Amino acid sequence: MVELVDRGNGLFGVYIHWPFCAAKCPYCDFNSHVHRGAFDEAGYVDSYKQEIAYYAGLTRGRTVQSIFFGGGTPSLMDPRSVAAILESIGHHWNIAPKAEITLEANPTSVEAERFRGYRAAGVNRVSLGVQSLREGPLAELGRRHTVDEAIAAVRLAQSIFPRSSFDLIYARPKQTLADWEDELTEALWLAQGHLSLYQLTIEMGTRYFDLWNAGKLKMPDEDLGADFYELTQELTRNAGLPAYEISNHARPGQESIHNLIYWRYGEYAGIGPGAHGRLLIDGKRHATAAEKLPFQWQKQVAARGNGMTTDDVLTWEEEGDELLVMGLRLREGIDPGRFAKLSGRRIEQRQIDELKRIGFVETLPNGNLRVTDKGWPVLDAVVADLAA
Ligand SMILES: C[S@@+](CC[C@H](N)C(=O)[O-])C[C@H]1O[C@@H](n2cnc3c(N)ncnc32)[C@H](O)[C@@H]1O
Ligand code: SF4
């Protein structure tokens, strides 16, 4: 007889993908598109409302703890569009009184002018794509803002929103450890509760990939990459913003709820072109994905009420693997008991003991299993060993 388990953990978020950008950055492989010509934004927002109604029908009774407008560039949205989408979410689901409502923003002066409008619409957290605090690298990354504009946007955001964060990309071509130490030190002065720090990755299909492939972009080797990572951990820890996930740093209590819902393997509805979701329907976890092309998605929503192109029911084994992949990114680690419940099997004690012996994992007083500082640079290999 199959034991019935509660596959959820009560966490529920809504992700809204806005797919448009003013220009395509050469390193980016997110689902982002530059559209030219006339655009009926209010009509486009109606498609989001339809998808929200559809997903709410599948997940009745949930309380939304986090809403995240990601992109693309959601800060190109008219604040009235953000307000309309939030109103629609509130109409179909309960929104928790302390829900985190984040919008990803690019720090140009034009976009900063909309910040008050977003706050009035209900946004209570912004995440700014600063990427670098140096002019040369900003230009090389194809960014459309200057350092001064970015700093002004961060300060303005801090004065308007209760919470804010910004992103930087490091381990860039030509960057030295000393350069990064200076830049990150400045960033830590500027930051309040949260920072996302990503090592540059070369993604297929981007201009950076072509340059790198042609030998025209020299990336740090593995050892230098590890040194960048270690330096980042040390400086952020000393500044009181330790990592709570591989690339995310926060003062305790300032962690992003949206991020935690992903990594604690909660439930989330993905709305908009190319958005992914994980939903519990009739006790089974569904992995959903939507049509990526913005206007194709809109057509499909008009025809069917949703833009879904994938709806896979995950096997127990797949759920267990996802729990490990997501949860072991977190400093708090994973609950091996929950892994056993979801996957119907236990993590091999022999594997745990071996990884402990070489110092890659440890067990916390609450019984959670987590990857150590030494294990983080080789996280993928650690996850593969535990999942085996
Ligand atoms: C959805 S993206 C960008 C959001 C927003 N449009 C912007 O550009 O700021 C979220 C973050 O991913 C990071 N990112 C994107 N591509 C990356 C890459 N190839 N390597 C490292 N970080 C990357 C950037 O820091 C970026 O701010
Ligand atoms: S990094 Fe941001 S602005 Fe640049 S293309 Fe990607 S989503 Fe658009």
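Modeller: Gladly! Two residues are in contact here if their C-beta atoms, placed from the backbone, lie within 7 Å. Please keep in mind that this is a predicted model.

With that cut-off, let us look at helix H1, residues 41–58, and helix H2, residues 79–92. From H1, the residues that meet H2 are Glu41, Val45, Tyr48, Lys49, Ile52, Ala53 and Ala56. On the H2 side you will find Ser81, Ala84, Ile85, Ser88, Ile89 and His92. Sorted by class, this contact has eight nonpolar, three polar and two charged residues. How do the two helices lie? Their axes come within 10 Å and cross at roughly 20°. Angles under 35 degrees count as roughly parallel, so H1 is roughly parallel to H2. The crossing of H1 and H2 is right-handed.

Helix H7 (residues 177–190) and H9 have axes that come within 10 Å and cross at roughly 30°. H7 and H9 are therefore roughly parallel to each other. H7 passes H9 in a right-handed crossing. Leu177, Trp180, Glu181, Leu184, Thr185 and Leu188 of H7 meet Asp227, Phe228, Leu231, Thr232, Leu235 and Thr236 of H9. Seven nonpolar, three polar and two charged residues make up that contact.

The domain assignment gives domain 1 (12–261) and domain 2 (317–388), and their centres, taken over C-alpha atoms, are 28 Å apart. Seven residues from domain 1 and seven residues from domain 2 take part in the contact. On the side of domain 1 that touches domain 2, helix H9 (222–238) and strand E7 (243–245) each supply at least two residues. That side divides into five nonpolar residues, one polar and one charged.

Finally, the ligands. Ligand 1 is surrounded by 16 residues, and the closest are Tyr27, Gly129, Asp167, Tyr198 and Thr201. Strands E2 (63–71), E4 (125–131) and E5 (163–170) each give at least two residues to this shell, which has six nonpolar, seven polar and three charged residues.

Methods. Residues numbered from 1 in each chain as written. Chains lettered and ligands numbered in written order. Predicted model: local features only at pLDDT ≥ 70, side-chain atom pairs only at ≥ 80, totals over all residues. Axes fitted to C-alpha atoms, helices over the stretch in contact; angles between N-to-C directions. Helix = DSSP H or I, 4+ residues; strand = E, 2+ residues; numbered from the N terminus. Parallel < 35°, antiparallel > 145°, perpendicular 65-115°, else oblique. Left-handed = near helix turned anticlockwise from the far one by under 90°. Nonpolar A, V, L, I, M, F, W, Y, C, P; charged D, E, K, R; others polar. Domains from an automatic or database assignment. Near = placed C-beta within 6 Å.
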